[in-house]
Amino acid sequence: MAQTPGLVADSPGLESRHRVWRVLQAVAAGAYADAALERELAQGTLSPLDRGLVTELAYGAIRQRRLLDAWINAHAKVVAERQPPALRWLLHVGLYQILFSERVPVSAAVSTSVALTRRIGLARLAPTVNAILRAVVRRRDSLSGPLAAWDGLSLPADPAERLGLCHSLPAWLATALLAWLPPERAEAFARAAATPPPLDLRINPLRTDRASQQAAFAAAGVVAEPLADQPLALTLPGRSGDLRALPGFREGCWSVQDRHAQAVVPLLAPRPGERILDACAAPGGKTTQIAETLRGHGELWAVDRSEARLRRVRANAERLGQLEGIELLAADAGELAVLRPDWIGSFDAILLDAPCSGLGTLARHADARWRVTPALIDELLLVQSRLLEAMAPLLRPGGRLVYATCTVHPQENRGRIDAFLRHHPSWQLQQEQQWWPAEGGGDGFYVARLAAPALNGA
Ligand SMILES: C[S@@+](CC[C@H](N)C(=O)[O-])C[C@H]1O[C@@H](n2cnc3c(N)ncnc32)[C@H](O)[C@@H]1O
């Protein structure tokens, strides 16, 4: 995108803030944060440093929306939600830098915000922006010691309101967390949801081994550490962004996969020669992991409702050298017994990695906390139960069914399993695990392994 001459020269960093502001506007209008950011980064040239700054400020300000609004409410004449949106998001760009950014001096945060006000054609509001931001800076300067981003606000007494405000969580989620967890664990969850997650990889044992890949990374100056709990996992501290240039990617030596996501397939325990169904497969993180375990011996079906997402399974499998071991089918997994009656009673093991609210991966998706609602979760509960029910007739007697989600909502997890077991009393819950995002460093995940009765039962 063309820079506006003169203004940029007057205010270094203005172009970056302008892009952040446009991302915030787009997300408020319904765009996904990663897509809106990608669009802004794709236009014109920005230095790697500026790209990093735009990413940090955009994702940070989207995440911290509720807290930033509270600062506006404390210092503006009009509350945030009734501000003109262009001004509200511009204030968010400035406030985020003042309250959170370690690399932007407060004076630069204020001056670029005032310059941006003029650049976007709101020059008459420049004094207002200046006054609000300076009032926040004065308030913060009047306090001593290391400050949290909410220090200087008067906080609500109600614990859920307070948790939600300080950590920018929607009220329903803060209330739910305090019902599910003791206060200190709820707070740890909230902090983890705003902390960049680790970057974990899974080694493809058909192409290399962990020690060789670690050595290849070291030779390229990339720090990669093995994870004790996952035999094929490496974690790359401090890495993010485009990883395709790293050693071994094009050769299919590894996939990006969170450490807890990697723990799901071992619970399914696929064995060479077996017939396996991955019922919600795209983009194929777990399908390819199953294929790596089967080593070409057996039959693996990858089903997904979305044809477009299924193409990503194909691309991933191709890169990893596993395309021949995977059969793809675009279909509603809830209809498989009708669409493929020949599949009834035929699978040794089924993985149902169900669509879910994604509350275990909030740190990866800046806007997710504002998209998920209790009404959406109610709809997901119906989908999850319908899919679980649809898997039962496809398993052979004694077969195993693994149900997984990347959420921490008890109703989407154990709640679905309990509902299933009420309808199928002869099935057994053999194992289950819930990982919380703050604990163990990875995403929040749930997994349960069920065993079908050995002889045809319920
Ligand atoms: C959590 S993602 C699966 C992630 C995948 N297992 C992996 O490890 O890469 C859920 C997937 O379920 C698919 N899906 C949702 N509803 C479905 C349905 N009724 N039938 C089949 N697939 C469905 C979505 O398109 C999405 O790709």
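Trainee: How many residues surround the ligand, and which are the closest?

Mentor: This is a predicted model, in which local features need pLDDT of at least 70, side-chain atom pairs count only at pLDDT 80 or more, and totals for chains, interfaces and linings use all residues. Residues are numbered from 1 along each chain as its sequence is written, and side-chain values use heavy atoms, with hydrogens and water left out. Counting a residue as near when one of its heavy atoms lies within 4 Å of the molecule, the ligand is surrounded by 18 residues, the closest being Gly285, Asp304, Arg309, Ala333 and Asp353.

Trainee: Which residue places a polar side-chain atom 2.9 Å from an oxygen atom of the ligand?

Mentor: Polar contacts are pairs of N or O atoms within 3.5 Å; within protein, one must be able to donate a hydrogen and the other to accept it, and residues adjacent in sequence count only if both atoms are side-chain atoms. Glycine 284 brings a backbone N or O atom to 3.2 Å from a ligand oxygen atom, whereas the residue that uses a polar side-chain atom, at 2.9 Å from a ligand oxygen atom, is lysine 286.

Trainee: Is aspartate 200 buried or exposed?

Mentor: Aspartate 200 lies in strand S1, residues 200-203, where a strand is a DSSP run (E, at least two residues), numbered from the N terminus. Its side chain makes polar contacts with the side chains of threonine 235 at 2.8 Å and arginine 259 at 2.7 Å. Buried means under 20% relative accessible area, exposed over 50% and partly exposed in between (1.4 Å probe, protein chains only); because aspartate 200 has 2% relative accessibility, it counts as buried.

Technical notes:
Helices (H or I, at least four residues) and strands (E, at least two) are DSSP runs, numbered from the N terminus.
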